[in-house]
Amino acid sequence: AHEGILRRQALRESAARTYARSLPIVPVRARGLTIEGADGRRYLDCLSGAGTLALGHNHPVVLEAVRAVLDSGAPLHVLDLATPVKDAFTTELFATLPGELAEKGRIQFCGPAGTDAVEAAFTLVRTATGRNGLAAFSGAYHGMTADALAASGGARHPGVTRLPYPYAYRCPFGVGGEHGAELSARWTENLLDDPKGGVPRPAGMILEPVQGEGGVIPAPAGWLRRMRELTAARDIPLIVDEVQTGVGRTGTFWAVEQSGIVPDVLVLSKAIGGSLPLAVIVYREELDAWRPGAHAGTFRGNQLAMAAGTATLAYVRRNGLAARAATLGATMLGRLRDLAAAHDCIGDVRGRGLMLGVEIVDRDGAADALGARPADPALAAAVQQACLDRGLIVELGGRHSAVIRLLPPLTLTDEQADAVLDRLADAIAAAGR
Ligand code: PMP
């Protein structure tokens, strides 16, 4: 069955399919960290639906919440009508929100995907400001719909001013660290004020507090505060995309808490749906310039996703899983540093909480001024394959697809963390140098 399914799917699916190309497995059962394939093999899943599974696969509280809705006779499709399920979700979500958003924020259900919420955020700030352009960062990933894609790294779009994200290891200014971040902030300020530098006064600036698909690149807290100040001073709404960083992943419930900034618009998806599709934006009430009915969509009230999401948010909050992600993530990062010291093919290890990245480089390539060697995507793919051979699922990301990303569930135990890192170390020893 396993081979047949893979073969038929490969024939029928578009060449654009992504995960299925590098991860030829046929999941049939899953629980927590573990996925079981149709061939009976078991894998430790550190991709977690690209950061979606805060509680891992099929957590009992999530299953119970979904079953409760199914058994209650509640309608599964409700457009965006008010329901007890939605009420519970909104209440739980608001209890977690940063700053004024908790008391005075507005929520708009978008959905079902993160990219829908990004698009909604752009529509909202355009409506509120009457302006059209956007400011976004190199290496960003915001989704696959038109403007979300335009705001993502690699894309070129006349309506988007592309700004340099502070990437310490491959610093665009060749200085690294806090100094590199400071230059990024100055460059940004300069472009925002230069009438010919890009989009004059954009409708909004969008950023990820830790770039995920871009290669697990955490922005320094000071830089995030600078972005908050720069945008506030120019009346440019700041949109923070926490689609991947949210719900405890980076060591605080929302990643913005680590810098203390409160965005004008917060974009949320992935883990808020407890593994089912759900996406929302939460924003300052002053931005709510949408006329009644201005934002529509058939699938904005997924009852199962809202119930699964409520259970997930509550579980993460009540069990202090964000703090747990911070401590376990720090321990894992320490072990990754030891691994980097032992292998020249690891150029950099970094991350926040349980969002970790290992940048694979060509150790024979020429180092740049800061000592960074060229990315080695072929070797990274070989390490990913070696991980899979050892029953470990990891994803690649980064500008050159050479960053191994670890996004384990926040429920990861110490023993599981060791097992993950043992397999990764073994894979690097086998494939790398
Ligand atoms: N923003 C960020 C930061 C993301 O990581 C992603 C997905 N990886 C998206 C937006 C888009 O979400 P979706 O794939 O659900 O459309």
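Domain bounds here come from an automatic or database domain assignment. This is a predicted model, in which local features need pLDDT of at least 70 and side-chain atom pairs count only at pLDDT 80 or more, while totals for chains, interfaces and linings use all residues. Residues are numbered from 1 along each chain as its sequence is written.

Q: What makes up domain 1 and domain 2 of the chain?
A: The domain assignment gives domain 1 as 2-58 + 321-431 and domain 2 as 63-318. Their C-alpha centres lie 25 Å apart.

Q: How many residues of domain 1 are in contact with domain 2?
A: Two residues are in contact if their C-beta atoms, placed from the backbone, lie within 7 Å. By that criterion, 33 residues of domain 1 are in contact with 30 residues of domain 2. On the domain 1 side, the elements giving two or more residues are α3 (48-51), α12 (321-342), β13, β14 and β17 (403-406). Helices (H or I, at least four residues) and strands (E, at least two) are DSSP runs, numbered from the N terminus.

Q: Which classes do the residues on that side of domain 1 fall into?
A: They divide into 16 nonpolar, 11 polar and 6 charged. Ala, Val, Leu, Ile, Met, Phe, Trp, Tyr, Cys and Pro count as nonpolar, Asp, Glu, Lys and Arg as charged, and the others, Gly among them, as polar.

Q: Why is strand β13 called largely enclosed by the rest of the structure?
A: A residue is buried if 20 or more other C-beta atoms lie within 10 Å of its own, exposed if 12 or fewer, and partly exposed in between, with C-beta atoms placed from the backbone. In β13 (residues 346-352), 7 of the 7 residues are buried, so the strand is largely enclosed.

Q: What makes Leu191 partly exposed?
A: Leu191, found in helix α9, has 19 C-beta neighbours inside 10 Å and therefore counts as partly exposed. Leu191 touches Thr161, Leu163, Gly197 and Gly198, not counting residues up to four places away in sequence.

Q: How do you know that the span of helix α10 is close to the expected one?
A: The expected span of a helix is 1.5 Å times one less than its number of residues. Helix α10 (residues 221-233) has 13 residues and reaches 18 Å from its first C-alpha to its last, close to the 18 Å expected.

Q: Which elements do the buried residues of α10 pack against?
A: The buried residues, among them Trp223, Leu224 and Met227, pack against α9 (177-193), β7 (204-207) and β10 (238-241).

Q: What shows that both faces of β7 are covered?
A: In a regular strand the side chains alternate between the two faces of the sheet. In β7, Gly204 and Ile206 on one side and Met205 and Leu207 on the other are all buried. β7 also pairs with β10 in the parallel sense over 3 bridges, and Met205 stands opposite Leu238 in β10.

Definitions and conventions
Pairing = 2+ DSSP bridges.
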